[in-house]
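Opening the notebook on this one.

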Amino acid sequence: MTTMATHTMTHGDWFPQHAWDAGSTSIGGRCEDGTRVDVVTHRDAEYRTHQQRAWNEWLHGRVLMVTRDDAPPALVLPVDQITVGAINLAVSAWATGHASAIAA
């Protein structure tokens, strides 16, 4: 079942929690209000099975959010590697309620 995930941040900033480079496929982060949410690509081994779903959501102006019991939710991007632009689009979509949530 798909649910639309809504999150309201007190401010619109998301901060990476560790270093990353152009070849990275995942990055953990924290919003200014303390909420944790990770950003991953469909090339990350744990999220490859969600590639088609991530593309479908992205084409409809949404981001796919995979909820996990043991970790922060992950925003799955239909890109090969993480970029600043992709992070900004994904986090903004999620923060404004344009995310479809599924359980891992």
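Which residues does H50 touch, not counting residues up to four places away in sequence? I looked them up in the model, which is a predicted one: H50 has L64, V66 and I102 as its contacts.

Next I checked where H50 sits. I found it in the loop between β5 (38-41) and α1 (51-59). Buried or exposed, then, for H50? Buried: its relative accessible area is 15%, and the cut-off for buried is under 20%.

Then I moved on to β7, residues 71-77. Five of its seven residues are buried, so I'm noting this strand as largely enclosed by the rest of the structure.

With β5 it runs parallel, joined by four bridges; I wrote down D38, whose bridge partner in β7 is A74. With β6 (residues 63-68) β7 runs antiparallel, again through four bridges. Here I noted M65, which has L75 as its bridge partner in β7. β6 and β7 make a hairpin, and I put down two residues between them.

Last, the whole chain. I get two helices and eight strands, in the order β-β-β-β-β-α-β-β-α-β along the sequence. The chain has 104 residues, and 42% of them count as buried. For contacts between residues at least 6 apart in sequence, I have 58% joining residues at least 24 apart. My entry for accessible surface is about 5,600 Å², with 51% of that belonging to carbon and sulfur atoms.

Conventions: Residues are numbered from 1 along each chain as its sequence is written. This is a predicted model: local features need pLDDT of at least 70, side-chain atom pairs count only at pLDDT 80 or more; totals for chains, interfaces and linings use all residues. Side-chain values use heavy atoms; hydrogens and water are left out. Buried means under 20% relative accessible area, exposed over 50%, partly exposed in between (1.4 Å probe, protein chains only). Contact means heavy atoms within 4.5 Å. Accessible areas come from the Shrake-Rupley method with a 1.4 Å probe; for residues, only the protein chains shown count as cover. Two strands pair if DSSP finds at least two bridges between them.
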